[in-house]
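Here are my notes for a colleague who has the model open.

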Amino acid sequence: MNYFKYINTILISVIEDLVDEEKLPVGLVLSRIGVEPTKDPAHGDLASNAAMVLAKPAKTNPRELGQLLADRLVGRDEIASAEVAGPGFINMRLVPDFWTDQIPAVLKQGTAYGDCDLGGNETVNVEYVSANPTGPMHIGHARGAVIGDALASLLAKAGFKVAREYYINDAGAQVDVLARSAHLRYREALGEDIGEIPDGLYPGDYLKQTGQDLTDRDGDKWQKVPEDEWLPTLRIFAIDAMMDLIRSDLAALGVKHDVFTSERDLVESGANDEVVKELQSRDLVYMGTLEPPKGKLPEDWEERPQLLFRSAKFGDDVDRPMQKAEGDWTYFASDIAYHRDKFRRGFGTMIDVWGADHKGYVKRMQSAVKAITEDKGALDVRLCNLVNLLEDGKPAKMSKRAGSFVTLRDVVDEVGKAAVRFMMLTRSSDAPLDFDLKKVTEQSKDNPVFYVQYAHARICSVIRNTVDAFPDLSLDDSSLSSADVGQLQDPGELAMIKELASWPQVVESAALAHEPHRIAFYLSDLAGSFHAFWNRGNSDETLRFIVPDDQAKTLARVALARAVAVVIASGLAVMGVEPVEEMR
C-alpha cells in the first residue's frame with residue numbers, strides 16, 4: 001500500500017463530504033492535491049497542500065479552509081493529529097497502530113511488497129547497451145547496462161509490461177573495419193607474420209580467437225582472395241563473434257535482453273526507404289543545404305544538397321540530414337526507421353539509455369519520434385555520464401585485453417557482479433561516477449554495497465540466534481506476521497517502520513521519473529535506520545533484538561527485522577543484486 005496515496009484518498013473523501021454538505025462549492029479540481037512527508041519530522045508525518053490549492057476556487061482563506069479540513073481529518077481512525085501551518089499547509093501525524101500494521105503487511109507480501117499497478121500493463125520498450133559489435137564491453141558500457149536493466153525491473157515492479165532491447169549497430173563503416181581487423185588475425189592464425197597492427201584497425205587480442213575460429217571453419221579459403229570477395233563473409237562472421245562476446249560479458253553482469261534488433265536487417269529490408277516515403281507524403285523531408293558547422297570558415301565549407309528532415313518543426317534546433325550528399329544513409333535515418341519499427345511493434349513509450357556523448361542527438365531523435373508516430377509515441381532518453389575507474393583514489397591500471405580500454409569483464413572478475421551493479425546505481429545517471437576498486441570491496445560503512453548487504457546479513461544472524469535463544473518459537477514469515485507489533489514504540493523502531501512503509505511510494509516515484517538510482521538511495525537510508533538501532537542496543541540491552549526474558553518483545557523485534565530484510569531483498573532484486581545471509 002502506498003500510504004501517501006491512501007491518506008490522500010482520505011483527504012479527498014473529507015473534501016467531498018464538505019461539498020455534499022454545501023460547505024464547499026461543487027466543481028473543485030482535486031487532481032493537484034498532494035500528500036508528502038513533512039520536511040521536519042517534528043511537524044508531523046505528512047503534509048498536504050489541499051487548503052492552498054482549493055482556497056481560491058472555493059473563495060475562502062487558505063488557513064481557514066485548512067482548519068476546516070484538519071478538524072475533519074482528526075476524526076479519522078488513521079490520523080492522531082492535524083494542524084495548520086504557515087500559509088495553509090496541513091500537517092498530519094498518524095496513529096502508532098497505522099505504522100506498526102505495516103510490518104505484517106510486508107511479511108505477508110514478501111518481496112512483492114511495493115508491487116503496484118501504476119503502469120496498468122502498458123507496454124514499454126527499454127533499449128540499453130547497444131554497443132557497437134566491434135569488441136568486448138568496457139566499464140563505461142557497464143553503467144548503461146545496469147541502469148537500463150534496473151530501470152526495466154523497476155518498471156515491471158510498477159506494473160508495466162517491459163521489453164528489454166539491444167540495437168545492434170551493424171550497418172556502419174565500423175563493421176567493415178572490424179571485418180578487416182578480423183581478416184588480419186585470420187591471416188595470423190594461418191601462420192603469417194602480420195607485424196604491427198595498422199592504424200585504423202582494432203588492435204585488441206580478443207580478435208585472435210575470431211581469426212582462429214574462422215581458420216578452423218574455412219581453412220585458408222579467404223587468405224589470398226581480393227577484399228571484395230571476403231569482406232561480406234568476414235563482416236557477418238566477425239559481427240556474430242563479437243555479439244557472442246558481448247552476450248557473454250552481459251551475462252557475467254547478470255544482464256539479459258528479450259530482443260536483439262539488427263540495423264543491417266532493417267536497412268536491407270527497405271525500412272529507411274519506407275520512412276522517407278512516409279515523411280515525403282507529409283512534406284516532412286526536402287532537398288536542402290546545411291549551415292556550416294560551428295568553427296568552420298566559409299571557404300572551408302562546401303554547400304551540397306542533401307535530403308533533410310524537418311526536425312525543427314518538432315522541437316529540434318535545426319533540420320537534420322537523412323542522406324549524405326553521395327546518397328549514403330546517415331545514422332539518423334536508420335535510427336528513425338528503428339524507432340518507427342519499435343512503435344509499430346506496439347511500443348508507444350520508448351526509453352533509450354545512451355552515453356553522455358550522445359547528448360546532442362537527443363532533440364533530433366525525440367523530434368523524429370513525434371513525427372513518425374504523429375505524436376502518439378514518446379521517447380525518453382536517459383544519458384549515462386562517465387565512469388572514472390580508480391584504485392585507492394588513483395586511476396586504475398588493469399589488464400587491457402581489448403587493446404585500448406579496461407573491459408567490463410576485467411572489473412566484474414576483480415570485484416564481483418553485485419558490487420559493479422550496486423555501485424553503478426549510487427549516482428544519478430547524468431552525474432559522473434567514481435568507481436574505486438578498493439572501496440567497493442572494503443567492509444566499511446563508507447562502502448554502500450557492504451552497508452546494505454551487512455544489514456541483511458545481520459538480520460539473518462538475528463533470526464539464527466533467536467532460534468538458539470527460543471527453540472520453541474516459529475520464525476517463519478507467517479508466524480512473525482502474527483507478532484504483537486504494538487509493542488514497538490521506540491523512536492528507532494518507528495523510524496525503521498516508516499522507512500519500510502515508504503517503499504511502495506519510492507517504487508512509484510522512481511518508476512515515474514525513470515530513475516532507478518533512487519532505489520540505491522532508499523536502501524542506504526533503510527540500512528542506516530537498522531544499523532542505528534542495532535548500535536543503540538550495544539549500549540542499552542533493553543533495545544537489543546533478542547531480549548532473553550521477554551519472548552513477546554523478541555518476537556515483535558524479529559518481525560520488524562525480518563520485514564527490513566524482506567524490503568532490502570525487494571530493492572536489491574530491482575537492482576539485480578542477490579542479498580547475502582553472511583558476510584565473508
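The points below take up the basis of the model, its pockets and its aromatic rings.

1. This is a predicted model, in which local features need pLDDT of at least 70 and side-chain atom pairs count only at pLDDT 80 or more, while totals for chains, interfaces and linings use all residues. Residues are numbered from 1 along each chain as its sequence is written, and side-chain values use heavy atoms, with hydrogens and water left out.

2. The largest pocket has a volume of about 1100 Å³. A pocket here is an open set of points on a 1 Å grid over the protein atoms alone, where a 1.4 Å probe fits, with protein on both sides within 12 Å along at least five of seven lines, and lining residues have an atom within 4 Å of a point; a volume is the space filled by probe spheres set on the points, which are joined across faces, edges and corners. Of its 41 lining residues, Val 129, Ser 130, Ala 131, His 141 and His 358 are the closest to the centre. The lining divides into 21 nonpolar, 16 polar and four charged residues (Ala, Val, Leu, Ile, Met, Phe, Trp, Tyr, Cys and Pro count as nonpolar, Asp, Glu, Lys and Arg as charged, and the others, Gly among them, as polar).

3. The second largest pocket has a volume of about 380 Å³, and of the 16 residues that line this pocket, Tyr 3, Pro 37, Asp 45, Lys 498 and Glu 499 are the closest to its centre. Helix α18 gives the most to this lining, with three residues (helices are DSSP runs of H or I, at least four residues, numbered from the N terminus).

4. Tyr 3 also forms an edge-to-face aromatic pair with Trp 99, at 5.0 Å centre to centre and 85° between the planes (ring centres of Phe, Tyr and Trp, the last by its six-membered ring, lie within 6.5 Å; planes under 30 degrees apart count as stacked, over 60 as edge-to-face and the rest as tilted). The two residues are 96 apart in the chain, Tyr 3 in helix α1 and Trp 99 in helix α4, and both are buried (under 20% relative accessible area; exposed is over 50%, partly exposed in between, with a 1.4 Å probe and protein chains only). Tyr 3, Phe 4, Tyr 6, Phe 98 and Trp 99 form one aromatic cluster.

5. Phe 450 and Tyr 454 are stacked, at 4.9 Å centre to centre and 20° between the planes. Both lie in helix α16, four residues apart; Phe 450 counts as buried because its relative accessibility is 11%, whereas Tyr 454, at 28%, is partly exposed.
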